[in-house]
Amino acid sequence: MTDASTVKELRLVVTAEDYDAALRFYRDVLGLTERAAFASDGGRVTILEAGRATLELTDPNHAAFIDDVEVGRRVAGHVRVAFQVDDSAATTERLAAAGAEVVAEPTRTPWNSLNSRLEAPAALQLTLFTELDD
């Protein structure tokens, strides 16, 4: 693979009907750092840093398995956003207080992380996960 074809960044682009509420939630409550903001005639966009990005591809059977582990039933749609955080339990509480709907409280997974699931602004389903040491 040559440098010309190497991907440099993964950027997930989300259209939010309530842009201001989504920006407050992801920037001010979740704590994503604002990298840049731009305006067009009647429109706005903000680019938020979310740490290291990965693309996780799964087939429907494994997606159902993940939902079963984290939530107890199939709930995710085609796209789910996962954020690794230092304390998934505390972050879940903070995001719920800011208006996210808790779908599942933090649960220890077979892959040794503590994962919660939320419905968040901009119609995104989130997994918050903390890697466990033991």
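## Annotation and model

An unreviewed UniProt entry lists residues 8-131 as "domain: VOC"; such annotations may be inferred rather than shown by experiment. Over residues 8-131 the chain is 26% helix and 35% strand, with the end C-alpha atoms 25 Å apart. Helices (H or I, at least four residues) and strands (E, at least two) are DSSP runs, numbered from the N terminus.

The model is predicted: local features need pLDDT of at least 70, side-chain atom pairs count only at pLDDT 80 or more, and totals for chains, interfaces and linings use all residues. Residues are numbered from 1 along each chain as its sequence is written, and side-chain values use heavy atoms, leaving out hydrogens and water.

## Sheet

Four strands form an open sheet in the order β3-β6-β5-β4, with mixed pairing (two strands pair if DSSP finds at least two bridges between them). From one strand to the next the twist averages 15° (axes are lines fitted to C-alpha atoms, for helices over the stretch in contact; angles run from 0 to 180 degrees between N-to-C directions).

β3 pairs with β6 (residues 124-131) in the parallel sense over four bridges, and F83 stands opposite L128 in β6. Helix α3 (residues 88-97) packs on the sheet, touching β4, β5 and β6 (contact means heavy atoms within 4.5 Å). The direction of α3 makes about 150° with that of β6.

## Nonpolar core

The largest nonpolar core has 15 residues. Such a core is a set of buried (under 20% relative accessible area, 1.4 Å probe, protein chains only) Ala, Val, Leu, Ile, Met, Phe, Trp, Tyr and Cys residues joined through side-chain atoms within 4.5 Å. α1 (19-29), β3, β5 and β6 each supply at least two of its residues. F83, L95 and L128 are among those with the most contacts inside this core.

Key: Buried < 20%, exposed > 50% of the residue type's maximum accessible area, 1.4 Å probe, protein only.
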